[in-house]
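Please look at the sequence and the model before reading on.

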Amino acid sequence: MKILFAALAALTAAGAAARTAPLVETRAYYSTNPSDAVGKYAAVSVDGEFADWTDDMIVATCGANDMCTAFHGSHENCVVDLYAVYAAWDDDNLYLAWQMCNSGDTWARPGDGPLTDYGRVGDVPIIVALSIDPASTGMTGLLTNGDHIWGGKQSGVQFDVHADRLLFMSAKAGQGTPAMFSAVDEAGNTDYGAGCKPFSTIGVTYKMKEGFAPSHYWRQRTYAEWADATTLISDPSIVNNIYDAANYDDLLAGPAEGLKPHDTKYDSFFEMKIPFAALGIDRAALERKGIGVRVVGTRGESGIDCCPFDPSMVDEVFGEYAKDNSTSHEKDDIDHITYAMASVGCKRAADTAGLAAVEAAGTGIAVDGLTVSAASGEVTLYNAHGMHLASGASVTAPAAGVYIAVSGGRSAKVLLR
């Protein structure tokens with residue numbers, strides 16, 4: 001146990017390093033700053049249209065149909081599936097946009113869960129996380145009372161990569177009181193007082209348009225088989241098919257085999273204007289230093305998809321949601337986001353360090369993809385929080401991420417992907 005505690009302490013210390021060299025997902029159609037794109041100076045009108053947005057403004061991409069509900073709870077309404085993030089700016093404002101998908105019409109019937117309310121995303125929180133100054137206090141995603149900003153104590157999103165502004169809003173534009181949060185204490189927590197600024201007081205606006213803007217629509221095709229609402233037939237490892245480019249079809253090129261044609265009226269495109277004054281920067285600072293951005297989609301409690309992608313979005317896919325055991329625990333788990341943000345304005349070292357190597361040399365522990373094995377005897381695998389997962393001559397992790405492996409009295413932090 002002392003060995004595990006030592007490994008946990010080392011992993012905690014490594015967390016500080018991870019803030020300067022976070023992981024980046026590049027498999028399949030995932031990208032962060034593809035072709036070094038950081039957005040561009042452009043005239044943008046936040047008018048519920050996407051005519052101002054072009055592919056060269058895309059700063060991050062994901063795959064479509066890669067969220068937990070594709071594997072567990074596909075009958076649900078309110079599809080939360082992020083595909084791309086765009087960025088632009090003018091002399092006074094930062095502009096962000098994000099594409100959300102709903103390809104449920106390729107297999108569901110009209111009126112089925114995914115197509116409820118014409119396929120629109122419901123009144124659920126969308127989070128735009130920004131890193132303006134990497135030297136500032138990073139936000140935890142928690143309130144000063146220990147609750148998550150949205151989700152209570154038992155579920156929500158926490159940020160293990162630097163974020164110093166969190167913008168929360170409803171996916172139903174015009175609903176509720178959207179606001180931008182910042183840290184109010186040295187721990188990085190916030191509150192609904194000094195740490196909360198409603199959009200209406202700082203000039204932030206956003207709108208949604210039905211439709212699809214990117215020139216490609218890469219959708220992963222794997223689904224899980226269930227004997228009944230709670231008995232999984234498929235091997236849980238099938239979730240890793242989202243990282244295989246051969247498992248994707250471009251729906252804009254025509255219907256995928258066995259599926260109906262997709263109508264992009266079910267997709268949703270959001271655009272947002274954030275005055276530089278609200279962020280405490282100007283155009284020159286943006287272009288000289290850059291900022292980081294990530295968009296997180298939730299079902300009201302925890303994150304279930306984000307762009308740039310983070311594996312915490314799929315680490316509890318086959319667990320059971322407390323309020324409905326026929327759907328995924330991803331909706332009410334606690335997500336620790338560890339992967340890099342996308343750089344906007346200028347590429348930042350903190351966002352472009354690439355995949356960090358986690359050393360297991362000299363420990364007798366070998367790593368092959370998601371599997372760790374021992375040179376002799378057994379290896380025991382724990383998650384980053386010290387929870388025991390499995391033991392054996394070789395052990396396969398449930399999803400990509402950083403784990404602790406212990407074998408023969410030695411421990412190692414291992415990056416499995």
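## Aromatic cluster

Phe50, Trp53, Tyr86 and Phe269 are linked into a cluster by ring pairs; rings of Phe, Tyr and Trp (its six-membered ring) pair if their centres lie within 6.5 Å, and planes under 30 degrees apart count as stacked, over 60 as edge-to-face and the rest as tilted. The model is predicted: local features need pLDDT of at least 70, side-chain atom pairs count only at pLDDT 80 or more, and totals for chains, interfaces and linings use all residues. Residues are numbered from 1 along each chain as its sequence is written, and side-chain values use heavy atoms, with hydrogens and water left out.

The structure holds 19 aromatic pairs. In one of them, the ring centres of Phe50 and Phe269 are 5.3 Å apart and the planes are at 80°, so the pair is edge-to-face. Phe50 lies in the loop between β2 (40-41) and β3 (58-61), and Phe269 in strand β16 (residues 268-275), 219 residues apart. Strands (E, at least two residues) are DSSP runs, numbered from the N terminus.

Phe269 is buried, at 1% relative accessibility, while Phe50 is partly exposed, at 21%. Buried means under 20% relative accessible area, exposed over 50%, partly exposed in between (1.4 Å probe, protein chains only).

The charged end of Lys209 sits over the ring of Phe50, 5.2 Å from its centre (NZ of Lys or CZ of Arg within 6 Å of the ring centre and within 35 degrees of the ring normal).

## Strand β4

In strand β4 (residues 82-89), eight of eight residues are buried. β4 pairs with β5 (residues 93-100) in the antiparallel sense over seven bridges; strands pair if DSSP finds at least two bridges between them.

How values were computed: Helices (H or I, at least four residues) and strands (E, at least two) are DSSP runs, numbered from the N terminus.
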